[in-house]
Amino acid sequence: MAGYGTVDKGLVIDLGQLSTVDVDPREGTVRVGGGATLADVDRATVPHGLAVPLGVVSGTGVGGLTLGGGVGWLTRAYGLAADNVVAADLVTASGERVRASDAENPELLWGLRGGGGNFGVVTSFTFRAHRLPVHELCAVNFVYAEPHWRSALAAWERWTRDLPDAMQSILTFIVPPPELDAGDEPLLILALAWADPDDQAAGERLVDELRRAAPPDEEERESDWVAWQSAFDVLATKGRRGYWKNTSFDRLDDEVMDVVLRRAAEQRWVGTGIDIHHMGGAFARVPEDATPFPARSARFWLNIYGVWEDAADDAPRTAWVRGFADDMQPFSTGGLYVNFMGREPATGPDAARDAGAPTDPEAARRVYGSEKLARLVSLKRRFDPQNLFRLNHNISPG
Ligand SMILES: Cc1cc2nc3c(=O)[nH]c(=O)nc-3n(C[C@H](O)[C@H](O)[C@H](O)COP(=O)(O)OP(=O)(O)OC[C@H]3O[C@@H](n4cnc5c(N)ncnc54)[C@H](O)[C@@H]3O)c2cc1C
């Protein structure tokens with residue numbers, strides 16, 4: 001996302017062929033090559049009626065997504081992708097092969113659950129997988145035109161106050177791309193997915209409750225997990241330009257809604273969008289210090305994704321994303337997710353010295369806070385003391 005997938009005057013390691021996925025249905029685990037995409041994993045697990053918690057766009061790499069955290073349709077039910085990693089195999093900066101698990105290098109496993117690609121090249125991840133009704137999914141998109149946004153947002157906020165872990169919802173404002181043939185006005189899409197394979201009826205009842213509280217202008221259902229996992233792909237074609245910002249927040253009252261709705265109505269261009277993820281559930285029950293991932297208690301996570309095609313739009317689109325993020329600052333609970341962050345100019349006391357650095361050295365402190373950063377720096381000193389892996393949201397060995 002931040003443009004760290006390639007580099008000038010450096011070396012890109014293409015893991016594209018490490019895409020094998022091996023499912024162990026008896027153990028309920030899945031071993032995934034470090035270069036696999038979400039689609040590779042879903043295709044392999046579905047025949048076993050299993051799913052791994054990952055993200056929502058099928059072409060995303062499991063590697064970067066998991067090492068930063070990984071939020072998606074199963075986050076409330078089973079936690080982040082990173083929370084579901086039980087082991088990882090790495091090649092370190094010195095060429096050493098290392099395994100990270102509860103039994104071997106547990107501190108490294110801790111660091112890989114949110115610390116990004118700082119400690120080595122992960123050649124394979126082993127994930128816990130979960131039973132899911134992969135062909136009888138209860139998943140639905142409620143679509144609202146602008147006049148109904150406020151009432152839908154208010155109803156959704158009330159509905160999210162008391163939900164079982166199995167219900168995940170993501171609220172999106174987007175100008176539909178021409179492929180969808182849905183006009184060129186921005187739309188609000190409330191996407192809901194239910195993850196309890198033993199009680200489908202409970203999911204349907206909750207969907208119905210929201211439908212009655214906020215009748216949608218249109219509704220689309222999906223019952224197939226692979227199709228649902230690629231439903232957002234049309235919004236994410238490759239090769240575009242982008243700048244993203246994110247933050248966590250707890251309240252979605254009139255004051256916050258005013259900001260969100262004003263900004264949502266401003267976006268009149270295809271590509272840029274706004275997502276609000278409802279958090280909580282299993283994700284929130286992971287203790288704050290159990291992984292580097294921050295702000296577990298936040299009720300909502302906002303992701304403002306600027307995506308466009310023409311270089312001439314760089315300045316205005318970036319300014320729009322920054323302006324919206326600034327508007328949200330008074331309501332922010334301080335969470336920052338590395339995988340939803342763009343590349344930022346250097347800040348902090350040494351900003352002038354660091355102006356030419358590939359990444360902002362202060363960004364890691366803002367994301368992880370001082371205590372977790374100290375643990376991550378110790379790991380970096382041990383596994384990459386020369387900072388070979390530095391074109392990332394960098395943990396500097398100092
Ligand atoms: C269209 C789109 C949709 C997205 N949707 C979601 C979503 O639903 N949920 C979510 O949580 N995030 C999402 N993201 C953010 C995503 O998690 C990050 O962009 C992430 O970096 C993608 O990882 P990648 O492997 O595809 O990227 P790459 O550009 O290939 O890698 C990015 C960096 O990750 C590190 N890395 C990648 N693989 C490895 C590895 N095997 N070993 C060591 N380091 C590695 C490296 O530092 C590399 O520079 C989305 C991004 C996009 C562009």
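**Exercise 1. Describe how the chain is divided and how its two domains meet.**

Solution. The protein chain of this predicted model splits into domain 1, residues 21-131, and domain 2, residues 138-340. Taken over C-alpha atoms, the centres of domain 1 and domain 2 are 24 Å apart. Next, count the residues in the contact: domain 1 gives 32 and domain 2 gives 27. On the side of domain 1 that touches domain 2, at least two residues each come from helix 1 (38-45), helix 2 (62-68), helix 3 (75-78) and helix 4 (106-112). Finally, sort the residues of that side of domain 1 by class: 15 are nonpolar, 11 polar and 6 charged.

**Exercise 2. Determine whether the protein chain is as compact as a globular protein of its length.**

Solution. Begin with the secondary structure of the protein chain, which consists of 12 helices and 14 strands. For 398 residues the globule rule gives 21 Å, and the radius of gyration of the protein chain is 20 Å, close to that value, so the chain is as compact as a globular protein of that length. The C-alpha trace spans about 60 × 55 × 35 Å along its principal axes. As for burial, 45% of the 398 residues count as buried. For the contacts, take those between residues at least 6 apart in sequence; 72% of them join residues at least 24 apart.

**Exercise 3. Characterise the largest nonpolar core and the surroundings of one of its residues.**

Solution. The largest nonpolar core contains 109 residues. Within this core, the residues with the most contacts are Val41, Ala152, Trp156, Leu188 and Leu190. Strand 10, residues 187-194, provides the largest share of the core, with 8 residues. Both domain 1 (21-131) and domain 2 (138-340) contribute at least three residues to this core. Now take Val41 and set aside its neighbours within four places in sequence: the contacts that remain are Val21, Val30, Val32, Ala36, Val52, Leu54 and Val62.

**Exercise 4. Identify the residues around the ligand and their classes.**

Solution. There are 26 residues around the ligand. Those that come nearest are Gly5, Gly61, Gly63, Gly64 and Gly117. Next, assign the shell to elements: helix 2 and strand 6 (121-128) each supply at least two of its residues. The largest share is that of helix 2, with 5 residues. By class, the shell has 11 nonpolar and 15 polar residues, and no charged ones.

Notes: Residues numbered from 1 in each chain as written. Predicted model: local features only at pLDDT ≥ 70, side-chain atom pairs only at ≥ 80, totals over all residues. Domains from an automatic or database assignment. Contact = placed C-beta atoms within 7 Å. Helix = DSSP H or I, 4+ residues; strand = E, 2+ residues; numbered from the N terminus. Nonpolar A, V, L, I, M, F, W, Y, C, P; charged D, E, K, R; others polar. Rg over C-alpha atoms; globule rule 2.2 N^0.38 Å. Buried ≥ 20, exposed ≤ 12 C-beta atoms within 10 Å, placed from the backbone. Near = placed C-beta within 6 Å. Core = buried A, V, L, I, M, F, W, Y, C linked by C-beta atoms within 7 Å.
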